[in-house]
Amino acid sequence: LEVALSKRRTERLLSIVVLLLSSRRYLTAEQIRAAVSGYPEEQEAFKRMFERDKEELRDLGIPLETGRASQFDDDLGYRISRQDYELPEIHLEPDEAAVLGIASRVWQSAELAGAAAGAALKLRAASREGDGDGTASPPPGIQPRLTTQEPAFGPLWEAVRDRRPVTFDYLASGRSEVTKRTLEPWGVVNRRGRWYVAGHDRTRNAPRVFRLSRITGPVKLAGPPGSVKVPEGADIRELVKGWDRPLARNHTATLRVRADAGFALHRWGRAAPDAANPGWDRIAIDYSDPEWYARYLASFGPDVIVLDPPELREAVIRQLKGALT
Amino acid sequence: VSAQQRMVTSAERLRRLLALVPYVATRRVVGLAETAATFGMTERELIDDLNLAWCVELRAPEPYCPIDLSYEDGQISISQAESIARPLRLAADEASALLVALRMLAEAASFGQHEDGDAVARLIAKIEGAAGAAGAASSQLTIQIDHPNARGMAATLSGALSAGKRVHLRHYGWRRDEATERDVDPMRLLVVEGRTYLEGWCRRAEGVRLFRLDRVLSVDVLDVPAAVPETAEPVDVDAGLFTASPSDLLAELELAPAARWVAEDYPCESVTELADGRLRIGLRTPDTTWVRRLALRLGEDARVVSPAALADEVREAAAAALAQYE
């Protein structure tokens, strides 16, 4: 029964689309009811059903226009302008059709995977020549995949697309307390596999970048569509890059490293055998942040001894003592 | 209704029909099987959809059937599709999802110096033109895969892939902090979670392995044809890159708030919130060397809960290291 109902509804919606596309005039609800089968006799039930149908058509992106049905009365009518409805002429070459197939499979997230596949179908529907059969194996090349596991992605993308501010709770790196933020989002960025949102943080009154995985709880829309103005020249890629930028390596450490261990230190440092200690090398290596680097060096355990500078040596000793408890 | 028939909502079905009718109309005659494959449906479902379209009847002012089609001998033809012979315009989400994917593909293709690059650029221009304003929001969703050291590798490997040659890799294994040498028969190049990987049949491990290109130290293309066994299954990257085996060891760590990043950067089997922003994570791994290194790196911000032997190893390594400073 459910299947039959759903089928009748699809039939009705399809009929409305065909009817309104073929008509130059605005057709009233009554005229639509007369032409399309499946509406109930009872007036209130009809009105409710018609409202729902209109909503569903608009959700699908069908440009349903309203206007006065005739010069002589004020009844509202509906029509669909062909020009607004139809995908413009497009022709795909065979190699373009193959690329389209790969691109339509890039998204793995529920939010945009369906959208990409839907777009690809419309394009294939519009273009005849040069179209492969869609089952041909993709050409050798790189196959990218995009996943969005963060629940914040969907609502943030919607907010960015529709230019609406949002609020959310955020747990900044290294903090134990959540803060409530209100953001005018300018864009969503994936950098090296991590998702970020950049925009104007109303709470801090400055541009800020947030990592999606650190947003806790729901993202709520906090203003009408179009109410976010992205400033001219705002470069969201650069904002995120700056937030994630590696620091300059302006310190140099001298280490004693077991010759058969610490592969990464040997490769990226300047190594020479340690004459006084057989089986050990002396390595000079550049680093940026002493705290961070001390942690990294501690991970080598007894395979690495820091000789210089003293601050780094002390930091590694502190780090190792921390691991003792 | 067959048991396998998936439930689609009336909206989804309408969306499909509004692409299906133009798909057939553009081609005039098209194979039933081919069309079903393109739309990801069974032939039975396709015939149901065709029947539905054919049954559409407008009763007023004059009764008529706007869509006339037929299917026989595995072929579909549409003689009349009226006003829905062209597909609907792209919606904002559709245009953006596709354009973002294509721009990512363009960036990835530039790594491999692949001839796809040109087709990608042409397709982007065509879609931008066809989408119009609907594509505008796509510029607010950007993807960066920037691994300068991966670029040269990708070019070499994509050459080996097209030529069907075996490669010799020197690869840095971060888990054990060591370099390994292996012969690999390339299967494909992938970009997953922003990183570029070579998937191939590793002759040393006798299995399918993924090699992250920024950890490949050197690559030589051998003058030997690649021989990927018939049984080699590509990694299901959509299920996650690191699929642990149940026989692996489970290591549990308790993390202070300062070490919460570990739960984001490492594939955890379980993550439990504790009081005061602390976390307990479970890591499943065949080799605990890297977990010991991680624990040493985290120092007082982490504690190995289990196994007890691993906790001992961490303490012993720290004590041995400290002894060298005395």
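This is a predicted model: local features need pLDDT of at least 70, side-chain atom pairs count only at pLDDT 80 or more; totals for chains, interfaces and linings use all residues.
The strands concerned, β1(B) and β3(B), the latter covering residues 75–80, pair in the antiparallel sense over three bridges.

This pairing belongs to an open sheet of three strands in chain B, with the order β1-β3-β2 and antiparallel pairing. The edges of the sheet are formed by β1 (29–31) and β2 (68–72) of chain B; each has a single partner strand, so one side of each is left without a neighbour in the sheet. On average, and with direction ignored, neighbouring strands of this sheet are turned by 20° against each other. In general, the strands of a sheet pair through backbone hydrogen bonds, either parallel or antiparallel.

A helix also packs on the sheet of chain B: α3(B), residues 43–54, touches β2 and β3 of that chain. The direction of α3(B) makes about 150° with that of β2(B).

A further helix contact links the two chains. The axes of α6(A), residues 110–126, and α1(B), residues 10–27, come within 7 Å and cross at roughly 25°. Angles under 35 degrees count as roughly parallel, and α6(A) and α1(B) are therefore roughly parallel to each other. Their crossing is left-handed. On the side of α6(A), the contact is made by Arg124(A), Ala125(A) and Ala126(A), and on the side of α1(B) by Ala19(B), Pro22(B), Tyr23(B), Thr26(B) and Arg27(B).

Technical notes. Residues are numbered from 1 along each chain as its sequence is written. Chains are lettered from A and ligands numbered from 1 in the order in which they are written. Side-chain values use heavy atoms; hydrogens and water are left out. Axes are lines fitted to C-alpha atoms, for helices over the stretch in contact, and angles run from 0 to 180 degrees between N-to-C directions. Helices (H or I, at least four residues) and strands (E, at least two) are DSSP runs, numbered from the N terminus. Angles under 35 degrees count as roughly parallel, over 145 as roughly antiparallel, 65 to 115 as roughly perpendicular and the rest as oblique. A crossing is left-handed if the near helix is turned anticlockwise from the far one by less than a right angle, and right-handed if clockwise. Contact means heavy atoms within 4.5 Å. Two strands pair if DSSP finds at least two bridges between them.
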